[in-house]
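Trainee: I would like to learn how to read a protein model. May we go through one together?

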Amino acid sequence: MFRSFVQVFALLCGTSFLVMASGLHGLLLPLRGGVEGFSTTSLGLLGTAWAGGFITACLLAPRLVQRVGHVRAFSAFASIAAIVALMTGLLVDSTAWIALRALTGFAMAGSYMVIESWLNERASNANRGQIFGLYMVVNFGSITAGQLMIGFGDVRNGTFFMLTGILFCLALIPTAISTASSPKPLTEVQLDLKALYRNSPVAFLGCILIGVANGAFGTLGAVYGAATGISTAEIALMMSAAVLGGALMQIPVGRMSDRTDRRYVLACVGGAAALIGLMIFAFAPHNATLILIMTAIYGGLAYTLYPVAVAHANDFSDSENFVKVTSGLLLLYGFGTMIGPVLGAWAMEAVKAEGLFAITALAHAAIMVHAIIRSRMRAPVPIDQRDNFQTAHSERATPEGVRLDPRAESAPE
């Protein structure tokens, strides 16, 4: 384990700074935008723009990296992210922020793909699980650290914009001085919608709806928190608690899905997430402690759905198609995250701030109903013929990260 860590230490350090900056910037923009009086629709479009840029990079970055090399490409991506972070501090305008946010999404996806490609090059079948686990820990820990930084300052001044730029620049250093050789070219993604749907209708629709719910909450959760009157530090803690809740609950939910029909797990967890969302919508809590508890429970449910849906899809596919199927579902999730913030913003403006959770509840209820219906139309794969569940992070995952998953060991290069 220690040897595996040493081999990828520089890459994980770069990842840590990168994700930390992303977490800080992603929470800073809606909070500062709210202070500046930006409309909820404009704040929702920040999430849509980010997701659009992210998906675009997943499709185009492999060709760019092939032309200029991994080191130069990563330097360009991280530099773009740093420049955008500083520009959002200088140019406080909703329209400009939406355009710049798309650039950030593009730069982040490209950066992740380069790092994940390097990690794949260092991984073997013997240590792939260890490296994948370390990468997951770094991602969850760094996003939490970045979000919690918001609680130690004032979003109305430019300090956090400058700090974000510094963190993006720090991400350049470990990779630039690393002695690791450049890996193989990045994998180009091919999206076959018909094949994905035939393989698993539950995962196909489920990943889109999960993206809708997660995109809405991830983008506008801070706006909801501000509307309830809780402090900036409590908003940061609320968003971090949701992420950590999802990380912690993946293991027990995953083990449950390994022992029964995964569609039942999707239905139960989706139904529970819908119930929590409806409770927040109906009762509109304003007590900080109660909000933290309810959103932590919500995150623990909502952020476990995606890896279960992916595991279910791969139960019905051949092992050599793992990368293709999982990458396709990841893009479907990305399309959902483009839709979710717009719907969430509409509900918050048309009804009330808690309308955000009405949208997530509708998405989760649809997952529950569809999973139950499909469970009566198709027999599950026998337990002894399934792949084991693996934890996953969908918000920052790329097709290169899919190749790092231990289940990709048998997939052809």
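Mentor: Cys-13 is partly exposed, with a relative accessible area of 22%; buried means under 20%, exposed over 50% and partly exposed in between, using a 1.4 Å probe and protein chains only. The model is predicted, so local features need pLDDT of at least 70 and side-chain atom pairs count only at pLDDT 80 or more, while totals for chains, interfaces and linings use all residues. Residues are numbered from 1 along each chain as its sequence is written, and side-chain values use heavy atoms, leaving out hydrogens and water.

Trainee: Is Cys-207 buried or exposed?

Mentor: The relative accessibility of Cys-207 is 0%. Buried means under 20%, and therefore Cys-207 counts as buried.

Trainee: How many disulfides does the structure hold?

Mentor: A disulfide is a pair of cysteine sulfur atoms within 2.5 Å. By that criterion, the number of disulfides in the structure is 0.

Trainee: What percentage of the contacts in the protein with a separation of 6 or more comes from residues 24 or more positions apart?

Mentor: Contact means heavy atoms within 4.5 Å. Among contacts with a separation of 6 or more, the share from residues 24 or more positions apart is 87%.

Trainee: What percentage of the 413 residues in the protein is buried?

Mentor: Buried again means under 20% relative accessible area. Of the 413 residues, the buried share is 59%.
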